[in-house]
Number of protein chains: 2
Amino acid sequence: MTIRTPAPGSTGTGPGPRTLHLNAFLMNTGHHEASWRLPESDPYAHVDLAHYVALARTAERGTFDSLFLADGPQLWNTVAQRPAGALEPLTLLTALATATEHIGLIATASTSYNSPYNLARRFASLDIVSGGRAGWNIVTTAGAEAARNFGLDAEPAHAERYARAAEFVEVTRRLWDSWEDDTVVADKAAGVWGDDAKIHPARHEGTYFKVAGALNVPRSPQGYPLLVQAGSSADGKAFAARYAEAVFTAQQSLAGARAFYADLKRLTRRAGRDPELLKVLPGIVPVLGSTEAEARAAEQVLDEHIVPEHGRVRLENLLRLEPGTLHLDRELPADLPPESAVEGAKSRYTLVVELARGERLTVRQLIGRLGGGRGHLTFAGTPEQVADAIGTWFTEGAADGFNIMPAVLPSGLDAFVEHVVPLLRARGLLRSGYGPRQTLRERYGLPRPANQHLAPALSSALTTV
Amino acid sequence: MTIRTPAPGSTGTGPGPRTLHLNAFLMNTGHHEASWRLPESDPYAHVDLAHYVALARTAERGTFDSLFLADGPQLWNTVAQRPAGALEPLTLLTALATATEHIGLIATASTSYNSPYNLARRFASLDIVSGGRAGWNIVTTAGAEAARNFGLDAEPAHAERYARAAEFVEVTRRLWDSWEDDTVVADKAAGVWGDDAKIHPARHEGTYFKVAGALNVPRSPQGYPLLVQAGSSADGKAFAARYAEAVFTAQQSLAGARAFYADLKRLTRRAGRDPELLKVLPGIVPVLGSTEAEARAAEQVLDEHIVPEHGRVRLENLLRLEPGTLHLDRELPADLPPESAVEGAKSRYTLVVELARGERLTVRQLIGRLGGGRGHLTFAGTPEQVADAIGTWFTEGAADGFNIMPAVLPSGLDAFVEHVVPLLRARGLLRSGYGPRQTLRERYGLPRPANQHLAPALSSALTTV
């Protein structure tokens, strides 16, 4: 993988109001699929709270904006290949809330396999327990495996999943607005605890949901959790433009990332929202060395630990091919369906197919390229090189920050915080401390959402498409 | 309320293997509906994590077995009456898990308004994060208010709710058995993380649920959370006999509690289970004073803070009467329907009606009697008197322990731990410390459940009705 040389003058632009949003994407022993095989890796990290507490504290030392956990309500792949199973994200982030003070806590949760009432309660509760640090990565959950854990025989169509997701978010926002902020009057003498006129039942009857009542959790410090989205298909981008305040994306090149960034900001403007209020965070897998050669050697060691057969099976899954269709030393078959015909993870599908076709990779080579970051870009190099690349993407219209996906955990996050973070701070690209207590929304420069029952004009502007 | 004088010789039976199971039922400012009006009560306690952390640590100092949180997925009553809204129980207990070391964590969760896959994950995750301290109070959730938050127009029939609950528990047990304990082989050299032969998909197709896959959380320290139940209707008791390991119940008299206890143990035996493996825990509301008169005065102060109009509205709700039907200074109407015709909270309905009829109480008097513990018995007296009453119920076949429901929090729990707990310890009825690290199941003297995929004979014996 190439370390991009920054254009002259594009880094070190000095401290300004715009600084990086860094998110630590935590995943057991790391994002490289072979990370668990390294001698130092704990194969039981996936269920070890202490492992995650240490990671969270490291990220907080690095003044990251937030932690992030991916999720899907199914057991992925086979357990032979690599660590599988995990602590349920909202549970784990609640435990991490008590072990940290400032860092945001972003949990993935599915709109296809949850009820709005239950999920609204859980995010409001996490937001209260953490003092306003909750974020929700809104996913529609591709794949029949998940569907079959919830009474369905197949996954709902892609467009239907997104239609349900939009209604789901509308309902949860109504539920989060159930209580006005000053509902509790606490008049002990009169025996009046709250003002019933300030409670607003949801009274929602839509295509997918009927929810009558008010939420049984008061409005939380942030009003709503930070709303995050990570699908890059056409449906995904339209959804993000309408609802998201942060977008995670997988981009393989600066040019591609700039195009995605510009497109999403344009769509956001077209949806009637200020594009500044949506931050784009590409995922990157930093692999550090004290020299570039050392970093490349570390990457090489990891790649050599990939079992190609495992990658082949996963590729066949992603591309919806019969087992045994792919050959390690041949290119992808010519007759793959177009993205429009795929009902699953459309943007991941397209990214992988375009990567393979664009560079004429064999399946084995493609697996090597995907092993580190599952489609996210690997930056292997010295801390200076990685900081340069981050600065370039940030200043050249490709990113408002990054979803940092260390190849190996905890060592990769430790190294990033110890060696790259100080450089980013010295260049004025990253805060040096958290300062006074802020909610996650405040750190993102976002207003606390107005309660739709108080400010109907503003609220309808926010939801206009 | 009368303090029962213990029968001679029934307390002080000395240390033996059988000791009390004490559970601290936490609820914002306390179980007395007027507790929030006392000068020392914090009207914002319902969303204050620090309040709950302090309570949890107090209960742990008192070597309680567990903490317990009630729940229903709706906003109860009106917010004018008393504190409403709460932190979602599994979220709050996860936060409390990190603030405590030994105490069990029992969350209420509904089988009517959850998916087995989601709930199984959450309890397994809490069990892992807490080192084997999770418990699940299995409820079917009465009332149309909850139903209308989940797309239904009315609550499902009582029998149907229980049929669904039984299937729900069967599915979650299958999911908790998805992973054999030694699934992870962690063979780094060979690149094999887990043994796929030890993963068991649920493959469940029933009346209410279809769940195909394996859980995406490994088997937790306890295997299953402690299974708790609190319904005392015929359906509820049959369900408890089949599944429950602890039962919370509201009993107004020693005789009634003994009858309930004997009946439930008999039903458990008839269901093919060892009745020793089901513990019966009546709820009690201790109100302490250094003299009996002082305790009664404290109770009196609380009762005087009840707003009778609020109680009348709640009673009309419970009895499914039109608003305005009840008169404060008259008895209940003669033409109430029998329990068999009620689809809601059957056992609570019967308890209230029998209490009112049995003592010919006016509505106002009934509200006073229910204000403290909503149907649970208030023990007002000196620490010695309360310890005596506990000892009597425990040794005379009415209880295996108690669900302690302090009228006022935190002061009522503080007082119980400071003044009653030492007496119970001195009488050999309660442990003095937790000793070596135990799971909640171990503290209840329960075996870790065998994995049904390994021990088909035992597993089928456990589920035979």
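In the predicted model, A:Pro410 is placed in the loop between β13 (401–404) and α13 (411–426) of chain A, where helices (H or I, at least four residues) and strands (E, at least two) are DSSP runs numbered from the N terminus. The peptide bond that leads from A:Leu409 into A:Pro410 is cis, with omega near 10 degrees. In chain B, a cis peptide bond joins B:Leu409 and B:Pro410, with omega about 5 degrees, and B:Pro410 lies in the loop between β13 (401–404) and α13 (411–426) of that chain. Residues are numbered from 1 along each chain as its sequence is written, and chains are lettered from A and ligands numbered from 1 in the order in which they are written. Because the model is predicted, local features need pLDDT of at least 70 and side-chain atom pairs count only at pLDDT 80 or more, whereas totals for chains, interfaces and linings use all residues; side-chain values use heavy atoms, with hydrogens and water left out.

A further backbone feature concerns Arg360 in each of the chains A and B. A:Arg360, although not a glycine, has a positive phi of about 50 degrees, and is found in the loop between α10 (346–358) and α11 (363–371) of chain A. With a relative accessible area of 60%, A:Arg360 is exposed, on a scale where buried means under 20% relative accessible area, exposed over 50%, and partly exposed in between (1.4 Å probe, protein chains only). For B:Arg360, phi is likewise positive, near 50 degrees; B:Arg360 lies in the loop between α10 and α11 of chain B and is exposed, with a relative accessible area of 58%.

The loop that holds B:Arg360 is followed in chain B by helix α11 (residues 363–371), in which B:Val363, B:Leu366, B:Ile367, B:Arg369, B:Leu370 and B:Gly371 are buried. These buried residues pack against α9 and α10 (346–358) of chain B. Helices α9(B) and α11(B) pack at an angle of about 90 degrees with their axes 9 Å apart, the axes being lines fitted to C-alpha atoms, for helices over the stretch in contact, and angles running from 0 to 180 degrees between N-to-C directions. The two helices α9(B) and α11(B) are therefore roughly perpendicular to each other (angles under 35 degrees count as roughly parallel, over 145 as roughly antiparallel, 65 to 115 as roughly perpendicular and the rest as oblique). In this contact (heavy atoms within 4.5 Å), B:Pro308, B:Gly311, B:Arg312 and B:Leu315 of α9(B) meet B:Val363, B:Arg364, B:Leu366, B:Ile367 and B:Leu370 of α11(B). The residues of the contact divide into six nonpolar, one polar and two charged, where Ala, Val, Leu, Ile, Met, Phe, Trp, Tyr, Cys and Pro count as nonpolar, Asp, Glu, Lys and Arg as charged, and the others, Gly among them, as polar.

Between the chains, the axes of helix α2 (residues 89–97) of chain A and helix α2 (residues 89–97) of chain B come within 8 Å and cross at roughly 40 degrees, and α2(A) and α2(B) are therefore oblique to each other. The contact is made by A:Thr91, A:Thr94 and A:Ala95 of α2(A) and by B:Thr91, B:Thr94 and B:Ala95 of α2(B); the contact residues comprise two nonpolar, four polar and no charged.

Over all chains, the count comes to 52 salt bridges, a salt bridge being a side-chain nitrogen of Lys or Arg within 4 Å of a carboxyl oxygen of Asp or Glu. One of them pairs the side chains of A:Asp71 and B:Arg121 (2.6 Å, N to O); A:Asp71 lies in the loop between β2 (66–69) and α2 of chain A and B:Arg121 in helix α3 (residues 116–129) of chain B, so the pair joins two chains. B:Arg121 counts as buried, at 4% relative accessibility. Within chain B, the side chains of B:Glu33 and B:Arg314 meet in a salt bridge (2.3 Å, N to O). B:Glu33 lies in the loop between β1 (21–25) and α1 (49–61) and B:Arg314 in helix α9 (residues 308–318), so this pair ties together parts that are 281 residues apart in sequence; both B:Glu33 and B:Arg314 are buried.
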